[in-house]
Amino acid sequence: MYLQKITLFNFKNFESETFEFESKINCFVGNNGVGKTNVLDAIYYLSFAKSYFNPIASQNIRHHQDFFMIEGDYFIDGESDKIICSLKKGQKKILKKNGKIYEKFSDHIGSVPLVIISPADRDLIVEGSESRRKFLDGVISQLDKPYLQTLISYNKVLSQRNALLKYFAANRTFDALNLEIYNEQLCDLGKIIHEKRTKFIKEFIPIFQKWHAVISENKETVSLVYKSKLNEESLDILLEKSLEKDRVLQYTSVGIQRDDLSFEIDGFPIKKFGSQGQQKTYLIALKLAQYDFIKKQSNRLPILLLDDVFDKLDATRVQQIVNLVNDEQFGQIFISDTHFERTEKVVKETKQPYKIIKL
């Protein structure tokens, strides 16, 4: 599976541009601000129908224009596929595969598996639990469509329960029977999500630790801990205990929407005790483990995007990472960098087909 060609219309800083690719390694090289990351984001868009960097879709439209369109030509399982994602201001986003419009974007997730490694990944460490839950759910959802549908249903019921709590407060009323209907739905859906997250983490940790050991040359011990109140008590008991608190707060304070992942190095939180280099290594190992996991579960080689991955890493470690992704267990790779000579030296040594595109 690989991306043969991509065409951008009014996407971010591109008015109209077409790029053709090698099946193995492709590099975008140029100064900061020329659009290297934007091309990678467009590739990401075709897998997930959204930007990796900007959740507000309309802000991905080029200035002074009223629409954008991304068109990708793929070679998947021996056949040619065309995927198009477009958005016009004031209208709904459209995603099409071979001319057929998706009714639900979730039906497309996983059909073009992809992993991105970017400086923006640092948000997984420095931001709140929502970023880490998105990572967790994103990996599972690429492989498990029922999980994604369950998650969507859970969030819908959660919004309805929160709206009901606000209604109770605004009207100084309370209806335990009505609230119980939402509680039961949250418990049923939440149990499935918690069980699948627990199973995933158990399978994922050894893969992650293997990759980290390779990249760091066994210099540190890392761990990944799934934190959830559902590890100790069932959601129905948690909801019962938090009822008065929820009525005061006017939102649901317990549930799988409060889960978190703890990133640890040598037994301590990497956010507080890890250097920039250690944090970068941790995140790269995390993403390579994601790639490995998706590859094994889907029996496909996902597309790998390496956005400015050489930043804050010395030349030896950069070469080591490129060597790691240079065998047959990796598929098509896209790299962005500011230094032409550095990029060319690294990719030449892979002895793989490559293409360098100057922007």
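Modeller: Gladly! One term to begin with: a pocket is an open set of grid points where a 1.4 Å probe fits, with protein on both sides within 12 Å along at least five of seven lines. Please keep in mind that this is a predicted model.

Biologist: What is the volume of the largest pocket, and which helix gives the most to its lining?

Modeller: The volume of the largest pocket is about 1400 Å³. Of the 43 residues that line this pocket, Tyr44, Lys50, Lys134, Phe135 and Gly138 are the closest to its centre. Elements giving two or more residues to the lining include helix 1, strand 8 (114-117) and helix 9 (276-298). The top contributor, with ten residues, is helix 3.

Biologist: Thanks! Which strands are at the edges of the open sheet?

Modeller: The open sheet has six strands with antiparallel pairing, in the order 2-1-4-5-6-7. An edge strand pairs on one side only, and that describes strand 2 (14-20) and strand 7 (100-101).

Biologist: And which residue in strand 6 is the bridge partner of Ile83?

Modeller: Strand 5 (residues 79-88) and strand 6 (residues 94-97) run antiparallel and are joined by four bridges. In strand 6, the partner of Ile83 is Lys97.

Definitions and conventions: Residues are numbered from 1 along each chain as its sequence is written. This is a predicted model: local features need pLDDT of at least 70, side-chain atom pairs count only at pLDDT 80 or more; totals for chains, interfaces and linings use all residues. Side-chain values use heavy atoms; hydrogens and water are left out. Two strands pair if DSSP finds at least two bridges between them. On a 1 Å grid over the protein atoms alone, a cavity is a set of points where a 1.4 Å probe fits but cannot get out, and a pocket is an open set with protein on both sides within 12 Å along at least five of seven lines; lining residues have an atom within 4 Å of a point. Grid points are joined across faces, edges and corners, and a volume is the space filled by probe spheres set on the points.
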